[in-house]
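Hi,

Here is the structure I said I would pass on.

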Amino acid sequence: MAADPTQQQQQQLAVLLGQDPAEFETLISHLMSSTNEQRSEAERVFNLCKQAHPDALVLKLVHVLQASPRPDSRTMSVILLRRQLDSSLWARLSPSTHSSLKSALLSSLHSESSSKSMSKKLCDTVSELASSLLPDNQWPDLLPFMFHCVSSDNPKLQESALFIFAHLAHYIASQAMLPQLTTLHSVFYRCLSSADVRIAALTASVNFIQCLTSPSHRDMFQDLLPLMMQTLTEALNSGQEATAQEALELLIELAGTEPRFLRRQLVDVVGSMLQIAEASSLEEGTRHLAIEFVITLAEARERAPGMMRKLPQFIHRLFAILMTMLLDLDDDPEWHTADTENEDAGETSNYGFGQECLDRLSISLGGNTIIPVASELFPSYLVAPEWQKHHAVHIALAQIAEGCSKVMVQNLEQVVSTVLNSFQDPHPRVRWAAINAVGQLSTDLGPNLQEKYHQRVLPALAGAMDDFQNPRVQAHAASAVLNFSENCTPDILVPYLDGIVSKLLVLLQNGKQMVQEGALTALASVADSSQEQFQKYYDAVMPYLKAILVNANDKANRMLRAKSMECISLVGMAVGKDKFRDDAKQVMEVLMSLQGSEMEADDPTTSYMLQAWARLCKCLGQDFLPYMNVVMPSLLQSAQLKPDVTITSADSDGEIDEDDDRCNCCKVK
C-alpha cells in the first residue's frame, strides 16, 4: 500500500536533513540547475524544509558553507542564507541555531581567502543580519570582530570589515557608538592611507560622515578629506580610472548630502575637480563625474548657501569647460536630411552633458553670478571662424535662460540682438540654434520679450520659414512661433498674422512631414492666442486642415493626422461655434470613423482625439450632445488612466483648477 503523501514528504526530508551531507549538496546543486523542471522541484523541497524544519535547514546551509569542497555550493549556501534571514524565519529559529549561525558567518568571513566575490557575499549576509540585530544588542561579538579585522595586517580582512562598517554606518553613527568615534577616526585614517583598502575605507568613511547628525562630530573627521582626495588622485596617477570613478561617485554623494564638510578645504577640492575636468587625456566618464561633483556642490544651496558663489574664479573655469563641451558636435549629413526634429545626429555625450550642466548651474547660482561670466566668454566665441562656437553660444543662451531670467530681462536688447544676428549665419545648424534660442527665450523671458521685441522677432521667424533648402530650420522656426505666441496677447500678434499665416500655409503644403507638423502646431497656437481675430483666416486655413485629417491615413503619417485634429479643434474654439459649425459636422464624422477603427497601442491618434473631443464639446455646447454616445465609451475607458480630459457639469463646485494645463476641462452647458 502506498505511503501517505505527507509521510512521503517527511521521509524525503529526513533523508535530506540526515547524516549524509551528499543528499543536501545534491539539493543545492539542483537549485542551481539550468533545467526548469529540476530547479522547480528543488525549490519545492527546499521550501518544505524551511516550513517544517527551519533549524535543521539553516544548520545544513551552515555546514555546506563551512565544509563543502565545491566553491559553487558554498557560494549558493551563503546566498540562500541571506535570502532566508528575514525577521519571520529568524524568530522561528532556536537560540542555539542563532548562535551557531552568527559564529559560522564570522568564522567563514575570517577564513575566506580564495574568492573576493565570496567575501562580498558573506559581508552582505552579515550586514543584513546585523542591521536587524544590532539595535537590540543581539550580536555583541560583531563590533569587536570588525575592529579586530580592520586592525589586522590582512588587507582582505580589513576590506571586509570596512565593507560592513559602510553598510552599518547608520547604526555605528548612533548615540550608542559615540564613545567609539576616536577609535573609528583612527581606523579610517589608517585605512585611507593604505593603498590596498583605500576605496573600501573611502566608502565606509563617506557613509559614516553622512550619518553623523552633529556638526561637531563631523568636524572630528575633517582631516580625513585630504586622504579621501588622495585616494582619487593616486588612482588617476596610476591609470586606474575605474577606481577613480568609484571614488568620484562617493565624493559626489558626500557633496550632495554634507557640503559643509568640504567648506574648509573647498578651494583645494574644487580646484582638483576642475583640473580633472580639463584633462583631455582622461576618459569622458571621469571628467563628467568631476564636473558633476562641482555642479552638485552648487546645487546644495539649501545646506550650504552661497558656498560656490564665493569662488568666482572656479565658476569662470567651470563655465568655460562646459562651453568647450558644446563644441563636441559633428556636422553629420544625417542631421540635415532627418525626417523628424528629434534627430540628434552629430551630437555627442559631451555635448548633451554640457547642455544639462549649464541648465543646472544657472538655476543653482542665478543670473547675477552666471551672466557676467557668460558675457565675458561669448564675444570671443561669436567672432571665431568655427561654426560650432557660434552654435554653442545660442545653445548656452537657451540653457541658462531659465535660471538667469531676471538678469537677462534687464539686458534684453543685447540678448535679442545676439540671437537675431545669427539668423543670417551661413551655417544652417547655427541658424537652427539661434531659432531654438528664440523659442526658449520666448518661454523663459516672456512676456517681456514679446512686448518689447515683437517687431524684430516675428519678422525674423517669418523670414526663417523661407529657408526651403533646410527643412529643419523651417520646422524649427514654426515651432518657435508656437513658443512666442504662448506668451503673447492678441493685440501684439494680430498685426503679424497676415504674414505668419500665409507662410504657415505654404509650409503645410511642403512635402516634408516634419515641416508640416511644425506648421500645424504653430497654426494651432496662433489661433489659440488670437482667438476671434483668427476668423479672418479661417476660410483659407480650414480646407488644408481637413484635407490632412482625411488623407493622412498611413502609419508614417499618424502624428501628422493627430496634429491636424489638435489644430482643427483649437481653431474651432478660437473662431467660435457659428463660424465653425458647418465644418465641425464633417470633422466629427471623420473622428467618429476613426473612433470605431482598430488602432495600435502606440498610435498617438487616441490621446489627441480625446483632447480634440473635449475642445469640440466646449466649442459646440448643446450641439455636441448627439455625439456623446460615440465619445463616452472611449472617455470611460481612458478614465482608468491619468486623465488628459475631464468633462464636468456647468454647476460643478470648481474643484478643478482651470489654469492646470495638464488636463482639458470641458463643461457641458
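Let me start with a cavity: helix 25 gives the most to the lining of the second largest cavity, with three residues. Before I go on, this is a predicted model, so local features need pLDDT of at least 70 and side-chain atom pairs count only at pLDDT 80 or more, while totals for chains, interfaces and linings use all residues. Residues are numbered from 1 along each chain as its sequence is written, and side-chain values use heavy atoms, with hydrogens and water left out.

Back to that cavity. Its volume is about 40 Å³, and the residues lining it are V416, V419, L420, V438, L441, L449 and V457. At least two lining residues come from each of helix 25 (412-421), helix 26 (428-444) and helix 27 (448-464). Helices here are DSSP runs (H or I, at least four residues), numbered from the N terminus. A cavity is a set of points on a 1 Å grid over the protein atoms alone where a 1.4 Å probe fits but cannot get out, and lining residues have an atom within 4 Å of a point. Volume means the space filled by probe spheres set on the points, with grid points joined across faces, edges and corners. The lining of the second largest cavity is made up of seven nonpolar, no polar and no charged residues. For the classes, Ala, Val, Leu, Ile, Met, Phe, Trp, Tyr, Cys and Pro are nonpolar, Asp, Glu, Lys and Arg are charged, and the others, Gly among them, are polar.

Around the largest cavity you will find L297, A298, A300, R301, A304, P305, G306, M307, M308, R309, S364 and L365. Helix 18 (284-299) and helix 21 (349-365) are the elements that give two or more residues to this lining.

Next, some helix packing. Helix 30 (residues 497-508) and helix 32 (residues 535-551) have axes that come within 11 Å and cross at roughly 15°. Axes are lines fitted to C-alpha atoms, for helices over the stretch in contact, and angles run from 0 to 180 degrees between N-to-C directions. So helix 30 is roughly parallel to helix 32 (under 35 degrees counts as roughly parallel, over 145 as roughly antiparallel, 65 to 115 as roughly perpendicular and the rest as oblique). Their crossing is left-handed, that is, the near helix is turned anticlockwise from the far one by less than a right angle, with clockwise being right-handed. On helix 30 the contact (heavy atoms within 4.5 Å) uses L497, D498, V501, L505 and L508, and on helix 32 it uses K536, Y537, A540, V541, Y544, L545 and I548. These divide into ten nonpolar, no polar and two charged residues.

Helix 19 (residues 312-325) and helix 22 (residues 367-382) have axes that come within 10 Å and cross at roughly 50°, and are therefore oblique to each other. This crossing is right-handed. I315, H316, F319, A320, M323 and T324 of helix 19 meet T369, I370, V373, A374, E376, L377, F378 and Y381 of helix 22, with ten nonpolar, three polar and one charged by class.

Helix 13 (residues 198-211) and helix 15 (residues 225-237) pack at about 145° with axes 10 Å apart, in a left-handed crossing. R198, I199, L202, S205, V206 and I209 on helix 13 touch M228, Q230, T231 and E234 on helix 15.

Two backbone details to finish. Most residues other than glycine have a negative phi, and most peptide bonds are trans. The G446 to P447 peptide bond is cis, with omega near 0°, and P447 sits in the loop between helix 26 and helix 27. N137 has a positive phi, near 55°, and is in the loop between helix 8 (116-133) and helix 9 (142-150).

Cheers

Key: 1 Å grid on protein atoms, 1.4 Å probe; cavity = no way out; pocket = protein on both sides within 12 Å on 5 of 7 lines; lining within 4 Å.
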